Amino acid sequence: MDGNAEAVLQVGHLAGDVHLHSRPDGEPVPAGRPITAWNAFTLGVHRAITVPGGPLPDLPRYVRRAHDAELDELLADPAQSVMVVLTGESSTGKTRALYESVLAHQRLRKWPLWYPRTAGELLKLVRSGRLGDEAILWLNETHNYLSGSAGDVAAAALWSLLDGSHGGSTVVLGTLWPQFWAEFVAAPRSAHRDDHGNARALLQQHVRRIRVAERFGEADVRAARSLGMADPRLSAAVSASGRGREVIQTMAGGPALVERLEYPDGSDDRFAAAVVTAAIDARRLGRRRPVTRALLAEAAAGYLGDQDRVGPPGDWFERGLGRAAGEAVLGVTALGPLRQAAGVGPADGYELHDYLDQHGRAARRGRLVPESLWSALLRHTDDSDDVLRLAESACQRLLYRHADPLLERAIATANEEQQEHLVVLMTEYGRLDRALRLLRDTAYRPQPDRRRREGLCRKRRCSACWSTVVSGKPGRCWRSTRNAPTSSGRGCTWSSSSNAAARKTRPSNCSLASSRTASGDTAVPANGWRTCSPAEATGNASWNSCAAARCCSPSCGWRSSSPPPDGWIGCGHSPGSRTRA
């Protein structure tokens, strides 16, 4: 077989036997601070409608409902790590409920709250060890962290936080739409590809789910009317919601925005509908970063109706964008202007109101996307995760004239996890030439890919191997359960010594760990054993040639053909020593 045939053989094992290496993720890790130091809108709480009258607080009065009592009960004792996810339709009060619960909690309100914005930031934060002994991890719109090329790896990292192996207590709080929950827990599409294996296990086995009702009950309406005496926004929302009782949605302005979108009154409303619909489809196809003015200007022309396509005014786009982002309906706009660049200045991006996002996913399901949007997305999308999602959307629709240039862009900007995802994607959709080129042009070594390796460790409950993987350091799983030490609990005697293999100094709880020497000696050295994940018994009285091991006790009988990279630890030997302890 020639070289190409050998490469094809590698493709045959792509789902589990190829690991690609690329540049490290350079995204910054955000700083944690108590919830009292956070702005509620920054954490994802919606702004409320405006009503005539005097000045009112930024947040309307809060109406407690059934899910609040359930949430308070789960968070009553934060001594143990827990992940709570509120599921419900858009604008039903999920994020506000989390905010109010933490704010009212006497202990949690003092804990540092960390808010990573992407799966990459989440991974970097977990691996950095900066969360500390007491921390809140805020994952509003949790689907953004569990999907995409790094999503399943991020799910595995969350698993490690919740199983107690890292020490300390972490409270993870998130929100999900029901359709996203169903997507993550659904069975994989095929036996050869499972994009959500870790996310499925995380949600089904570790997450405490609380369902948030879409509509107010009778008692909720009475409470809202009572509080509405002090806050006219509540009274207005209760009255406007009518028999549907979608009070929170009305408070966030969602139904009014949908009405303007679906039933425009004049030309400016029609221009605005074209701009907003372009933003809806961009989000639906996979663009999660805020849409830029240039992207909307290029894409919106394809959404104009027949009556507006002939001879529209020269400023039609400016009028439509101004209407969508500048003229509020009850104080709420369809597109929220924001500035991503440093310093002050005009808006350079626009965020779609998530009520319109959810409405658009249902109303436009199966609708054809104009060529103008595909072209604009290719020209104006730089984020590597967005490019990969767009490429996959084009492949799923068999639109290869759009998929091929997006795949080329994705290949050029992909990081390690994205490269692995790309190879599988291109193989699945018949782009073998590009998959093989990526394999040839990228330095890699055949070994179980990260997601598969983490899955094996998780199933065997080996905390030492699991911690090694999650820490991001090179590591291998036990080759079989026979080679792995066994004890009660996790099935691994390295318990309570999390991330030991990734450290250069002995962890404070290393003394709790124990190991079995090759000769069967089960004695625990005074300072504990270091992690020796891939070692196998050799018949000698010590582990032999295990570069991952570190000597912690002069009596352990360690010897190696070469010194460990960072020297002996706790043995009194200087780095470079080649003698037995």
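These legends walk through a few views of the chain, from the overall picture to one histidine.

The model is predicted, so local features need pLDDT of at least 70 and side-chain atom pairs count only at pLDDT 80 or more, while totals for chains, interfaces and linings use all residues. Residues are numbered from 1 along each chain as its sequence is written, and side-chain values use heavy atoms, with hydrogens and water left out.

View 1. Helices (H or I, at least four residues) and strands (E, at least two) are DSSP runs, numbered from the N terminus. Of the 581 residues, 51% are buried, meaning under 20% relative accessible area with a 1.4 Å probe, protein chains only.

**View 2. Five strands make an open, parallel sheet in the order 3-4-5-2-6.** Two strands pair if DSSP finds at least two bridges between them. Strand 3 (113-114) and strand 6 (207-211) are the edges; each has a single partner strand, so one side of each lacks a neighbour in the sheet. Helix 4 (residues 94-104) packs on this sheet and touches strand 2, strand 4 (134-139) and strand 5 (169-176). Its direction makes about 155 degrees with that of strand 5, taken between N-to-C directions on a 0 to 180 degrees scale, with axes fitted to C-alpha atoms, for helices over the stretch in contact.

**View 3. Strand 2 (residues 82-87) meets strand 6 over five parallel bridges.** Here V85 stands opposite R209 of strand 6.

**View 4. H143 sits in helix 6 (residues 143-146).** H143 counts as buried because its relative accessibility is 7%. Leaving aside residues up to four places away in sequence, H143 touches L176, F180, F184 and R288, a contact being heavy atoms within 4.5 Å.

Definitions and conventions. Buried < 20%, exposed > 50% of the residue type's maximum accessible area, 1.4 Å probe, protein only.
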